[in-house]
Amino acid sequence: MRAGSLRRGIVSGAVLIAAVACLAATSPLSIDAVVDREIAALVATYRKLHASPELSHHEEKTSAFLAGELRAAGFTVTEHVGRYEKPGWSGYGVVAVMKNGPGPTVLVRSDMDALPVEEKTGLPYASTVRTKNDAGQDVGVMHACGHDIHMTSLIGTARVLAALKDQWHGTVMLIGQPAEETVDGARAMLADDLYKRFGKPDFAIALHDWSDLPAGKVGVCPGYAMASSTSVDITVRGVGGHGSRPESTKDPVVVASQIVVALQTIVSRENSPLDPAVVTVGSIHGGAKRNIIPDDVTLQLTMRAYKEEVRLRMIASVGRIARGIAEAAGIPADRAPIVTVVESEVTPATFNDPALTERLAGVFERQLGADNVVKKDPVMGSEDFGRFALEDRSIPATIFMLGAVDPEKIKSSAASGTPLPSLHSSLFAPVPEPTLRTGVRATSAAVLELLGGSR
Ligand SMILES: [Zn+2]
Ligand SMILES: [Zn+2]
């Protein structure tokens, strides 16, 4: 090496060192640095939440814990947000706000409730909780839908956003929502004047862990992502009597059976094959003894659709078919079937605002790597997150899927053909660290993007 080039090398080396030192002094803290710092504590939090699940409408301790964590992260927290129609139920909604100058408001929602499932994962932190459900039955309780992953991701996101406060402007509104599994929690929070009290957000985002997506990946689904869910009860009223004398009765068991079969023509014959729809009769009850024709039979239905006009047409069809079959059987008009839509169990379709979803997909690709962002197909399952967008969808909203499963298990399931445990299974067991890491990184990056931050 010649002297001249050596001297140039020394000089440029000095400049480089000075530049690195300068960068270190001013370089902003990154999402990943905060996640690295917090991940062990978040995994511990997850295990704690997993071991102490509470059923829908009973999220008392869970909501208090979440509120405490968000308060500790520097948010202004309001508890007991939510008003149900049913007397005696308390709203355990949590609203945590951090204002940071002028700018948009971003709502981030986690649900909090668990399911009446007895856990069989055998994990060291498995739930052993048992309780009485609202019907008075003794049931096991488990976070079998992963709402504990969602809450822990929310806590992690709160910590990241607090640590990176110099990198965004606006307001963050974190929501701990009760009663997602019964799809009345979001409605209860909105009915308690959520947006009047805390401001109407400009965007709403959420995640849901996914049982067939590897941990480390996220899924996006622009447009309709989940179906609307409508619960309908039918009471078929007949004229009861002795099982040996059908001529003196109007048998509601036969009428109900015909109704169950005829209801299947709603999807197959009345609906466009291009509009997804489901009619399922999940429960049928009537009678007490072989030789008694009962007075009535009750049916419980769930119906799924994306388009509201399809949903409304299906409801009308159920009524028409039930009444028509009863009339054909000679049941008097004053004993016509009673068809009731259970309004407290109705939830609209989840529509992911396409522009927002595509924007966040780009953010996720930059934060997680393009290979870790996949397009997912819509499902006929339901969620009440869509309610936060309001009926007129004036708030762009999107929910993304969070991979939660060991990638090796997905490979071996594909090879063997044995399906993996689904959400709501007593064996569903997300892998905590990579799932939480990805949930916090993706959510934090999304909020920073929407609040004008740089990463
Ligand atoms: Zn669920
Ligand atoms: Zn869920």
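View 1. The model is predicted: local features need pLDDT of at least 70, side-chain atom pairs count only at pLDDT 80 or more, and totals for chains, interfaces and linings use all residues. Residues are numbered from 1 along each chain as its sequence is written, chains are lettered from A and ligands numbered from 1 in the order in which they are written, and side-chain values use heavy atoms, with hydrogens and water left out. Cys145 is buried, with 6% relative accessibility, and His147 is buried at 0%; buried means under 20% relative accessible area, exposed over 50% and partly exposed in between (1.4 Å probe, protein chains only).

View 2. Cys145 bridges the zinc ion (ligand 1) and the zinc ion (ligand 2), and the two ions lie 3.1 Å apart. Glu181 lies in the loop between strand 6 (170-177) and helix 5 (185-191), and His424 in the loop between helix 10 (407-416) and helix 11 (432-450), so the pair ties together parts that are 243 residues apart in sequence. Helices (H or I, at least four residues) and strands (E, at least two) are DSSP runs, numbered from the N terminus. Glu181 is partly exposed at 21% relative accessibility, as is His424 at 38%.

**View 3. The largest pocket.** The largest pocket has a volume of about 1,300 Å³. Of its 46 lining residues, Leu115, Glu181, Thr182, Arg304 and His424 lie nearest its centre. Two or more lining residues come from each of strand 7, strand 10 (228-237), strand 12 (277-286) and strand 14 (296-305). On a 1 Å grid over the protein atoms alone, a pocket is an open set of points with protein on both sides within 12 Å along at least five of seven lines, a cavity is a set where a 1.4 Å probe fits but cannot get out, and lining residues have an atom within 4 Å of a point. Grid points are joined across faces, edges and corners, and a volume is the space filled by probe spheres set on the points.

View 4. One cavity of 30 Å³ or more is found in a search of the whole structure. The largest cavity holds about 40 Å³ of space. Among the residues that line the largest cavity are Val108, His150, Leu154, Ala206 and Thr443. Helix 4 contributes the most to this lining, with four residues.

**View 5. Aromatic contacts.** Six aromatic pairs are counted, where rings of Phe, Tyr and Trp (its six-membered ring) pair if their centres lie within 6.5 Å, and planes under 30 degrees apart count as stacked, over 60 as edge-to-face and the rest as tilted. The Tyr46 and Tyr125 rings have centres 6.0 Å apart and planes at 70°, so this pair is edge-to-face. Tyr46 belongs to helix 2 (residues 31-51) and Tyr125 to the loop between strand 3 (105-111) and strand 4 (130-132), so the pair ties together parts that are 79 residues apart in sequence. Both residues are buried, Tyr46 at 1% relative accessibility and Tyr125 at 10%. Tyr224, Tyr306 and Phe351 form one aromatic cluster. Over the ring of Phe351 sits the charged end of Arg393, 4.3 Å from the ring centre; this label requires NZ of Lys or CZ of Arg within 6 Å of the ring centre and within 35 degrees of the ring normal.

Notes:
Donors = N, O, S within 2.8 Å, 3.2 Å for Na, K, Ca; no water.
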